[in-house]
Every structure is written in structure tokens, then in C-alpha cells.
Amino acid sequence: MQVTETLNEGLKRGYAIKVTAAELEAKVNEKLAEAQPGVEMKGFRKGKVPMSLLKKQFGQRVMGEAMQESIDGAMSEHFQASGDRPAMQPEVKMTNEDWKEGDDVEVSMSYEALPEIPEVDFSTVKLERLVVKAADADIDEALSNLAGTAQDFKDRKKGAKAKDGDQVVMDFVGKIDGVAFDGGSAEDYPLVLGSNSFIPGFEEQLVGAKVGEEKAVTVSFPENYQAENLAGKEAVFDCTIKEVKEPVSAEINDDLAKKFGADDLAALKTQIGERLEAEYTGAARAVLKRRLLDALDGLVSFDLPPSLVDAEAGQIAHQLWHEENPDVQGHDHPEIETTDEHRKLATRRVRLGLLLAEIGQKAEIQVTDAEMSQAIMAQARQYPGQEREFFEFVQKNAQMQQQMRAPLFEDKVVDHIVSLAAVKDKSVAKDALQKAVEALEDE
């Protein structure tokens, strides 16, 4: 077997691989000999089929397998000997397309090698970590918002009309063609107008209703309504309004705290403060990570595989186009051109991606099964009632697993670098942190 270099230009590599006919023949004979003990053929005992018959019966198929294994083996030996790591799947093609049995096999292999990544002295990286404590005013504001979500309702003045957001307490009977249907009636039912908990068009017709008023609400059930006997049909609901109540925020006291699982108001305030500081810590980490990446981007420089930059630039352009055209869900759209700005951003991403991957590999950083399971379950909670199906989907989808593993790996590498860098904590107010976060979004 011969491997001859044909191209060595920057990161581009090219090789000619030749597998001789004799090597192929030996490989075929070896594979047939391995299979011979288990082969049965009419007129011969198991394992006693002559090699000539085996070759006639299975030779062509085994030849294909031997050819592929020989080429794969040559490539593997080359990468092991050279130390090259291809940036993307090598392009391999047969150059003697008129090949026939008895000929040598000639193949060309080309790829772009990953570059050598320079060492970085992380102790020279100086970073500032923003630290924000939850102020009493912030806790009080969050507590007030929390009380708003736990709103109560109180009676409106006598004769007042119901407004959007009010709660009406009513009796109702639903009829189709004048006949009441199952499940269409209730007494003392509390309905918040604007909650969209009833059929579309129902709640809007009760805006302006008053206590004691009887109102006929006419609506049509949706065509895809879950009850097939009602789907698409028009119904009339005879409603009797018994109470009209306006929303009021819950009082901020121990009772409110208990609604949210705290022992008393002081304990609830402590929980809110801890939650706010966790949010501030998360935001500060995002700022620290960006500043670290900016610092690394300025510290290292090395050649990048053009194919990786091109692929990343295309992906960035495609993503931005879809963000600007949210109505287009699929890929049936005009060809999207990449710009210099796309390539500039792609160059940064590829450089930092290769650097972080190298750092993580040298530091033997791994994403554990427990960390992956935790991440999968966290994402599964976004699909209530379908958590198990989502978990099983990810477990069977290697590409999805890689998409979820990549950011976990990156964060662990970032934490590793931060632990080695010169980091100074700086206490700031919430507004300063907010401005720093907004600056990230503007970049």
C-alpha cells in the first residue's frame, strides 16, 4: 500500500493512495478463510466448501468489503502517523474509474487539517467580575409583582359593568338548536374575562354585563374541537350574571407568603433576595464570559480551515435571514448570500471554538452523563405532558445530544479558564449590570 503526498499548502492536504492488486487478493483470501468454517453449500459438509467455490460465490462482495477496509485502514494509518486531524470529513474518490478485478486501486484523498493551537498563559488574562447584591427596593418591587400575580377579586359597585380582566360569577346553560347538551351548563361559575379559557368569542360578549342581567351568548365551536359532536356547531349560552368583581392585588403579609410556600413574609423576602441574586449572578457570568472570549480572541492567532469558516458564515447568514423573515419556516427561500460581516463573525466563532476545544481536551474536561440527563430534563420541562417522549427522542438522536452537549462543554471550559485567570470582583448596582448586559446584546 502506498500513500503519496500531492498537496501541502497551508492547511490543505492531498494524498494519492494505491492498494495493489496483490494486497487486495490477500485481503479477500483472508476474509474468505475466516468465513469458510461457517459456510454451508449443497454437496459439501459445513466448513468444507472449497476456496475456489467460495471465491466464485462471494468473491465480488468480499472484494468490495476488502477494498473499503483497505482504504479506511490506509487513511487511519496516515492520520495516526502524521498527527493530522481533518477539519471536516475528507473527500475520497477513486481515480481509476475503469478499474477491473486484477488492477491496483488508486484513490485520491483531500482535506483541510486542523491547525496547531498555540498555548495560552491564562494567568495573564485579567478579568473583572460584576457582583450585585439584592437591594431592599429590588426585593420590595419583586414582592409587589408577586402580589399582583396572586390577585384577588372584590365586588364592583352596584350596577357597574364588567370590564376586561374582571371576574363574573354566573349560571349558564348551553344549547344547540334549542336543546341543552352535556357539559354545557354550570352554576356559580367564576370566569375571568380576557383569560381565553372559554370558546373564542364567548368572553368578549360578557364585557359590559351587569349583576342580575340575563345575556344570550352565541358562539361557534372550533372545527377541531375535541368533542366531535360539538365541533363546528353554533351554540347559544343563556347566562345569568350573579356577581361582577374587579381584580385587586393580594395584600403583602404572612398569608401571601404562605401561598407561595414560605413560612412568613420575612422568609418569602429572603427567598426573593436569593432568587434575585441568582439572576444577577447568571447575568454577571454572561458578561464575564463575553469579556473572557474577547480577551482570548485578542491573545491567539492561527490559520483557520476555510471550509469551517465558510460553513459557519453560511449558518450565520441563514439564521439571521430567518430572524428577519420569521414567517418563513422552511428552507423554500432564495439563496442567502454571505457578507463580509458574516465572515468576520464566523472567523471569530471558529477560532474561539477550536481554541476552547483544544483547551478542554488538554484539561480532560468531560460532560458527565448526569449533567447531560439534567440538561435534557430541564429542556423537557418546556413540553408539559410530553417530558418522557422528549427524553426518549434525545436519547435516540445523536445529533440532538451533540447540540445539547456542546454548550455544556463550552461552559465547563470557560469555568476552567476563569479559575486560572486573574479575576477581580467588583461590586456594582443593578443598573450597572443591566447596562453591561444590554451592551452584549448590542454587539
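Leaving aside neighbours within four places in sequence, Leu265 is in contact with Leu143, Ile252, Asn253, Asp254 and Ala257, where contact means heavy atoms within 4.5 Å. This is a predicted model, in which local features need pLDDT of at least 70, side-chain atom pairs count only at pLDDT 80 or more, and totals for chains, interfaces and linings use all residues. Residues are numbered from 1 along each chain as its sequence is written, and side-chain values use heavy atoms, with hydrogens and water left out.

Let's stay with Leu265 for a moment. Leu265 belongs to helix α5 (residues 265-299); helices (H or I, at least four residues) and strands (E, at least two) are DSSP runs, numbered from the N terminus. Leu265 counts as buried because its relative accessibility is 19%, and buried means under 20% relative accessible area, exposed over 50%, and partly exposed in between (1.4 Å probe, protein chains only).

Now step back to the whole chain. The protein chain contains 11 helices and 11 strands. Its radius of gyration is 35 Å, well over the 22 Å that the globule rule gives for 443 residues, so the chain is more spread out than a compact globule. Here the radius is taken over C-alpha atoms, and the rule is 2.2 Å times the number of residues to the power 0.38. Along the principal axes, the C-alpha atoms fill a box of roughly 105 × 70 × 45 Å. Of the 443 residues, 31% are buried.

An α-helix has 3.6 residues a turn, so residues three or four places apart point the same way.

Finally, visit two loops. Asn196 lies between β8 (179-192) and β9 (214-220), and Glu364 lies between α7 and α8 (369-380). Phi is near 55° in Asn196, a positive value in a residue other than glycine, and phi of Glu364 is also near 55°. Most residues other than glycine have a negative phi. Asn196 counts as exposed because its relative accessibility is 63%, and Glu364 is exposed with a relative accessible area of 67%.
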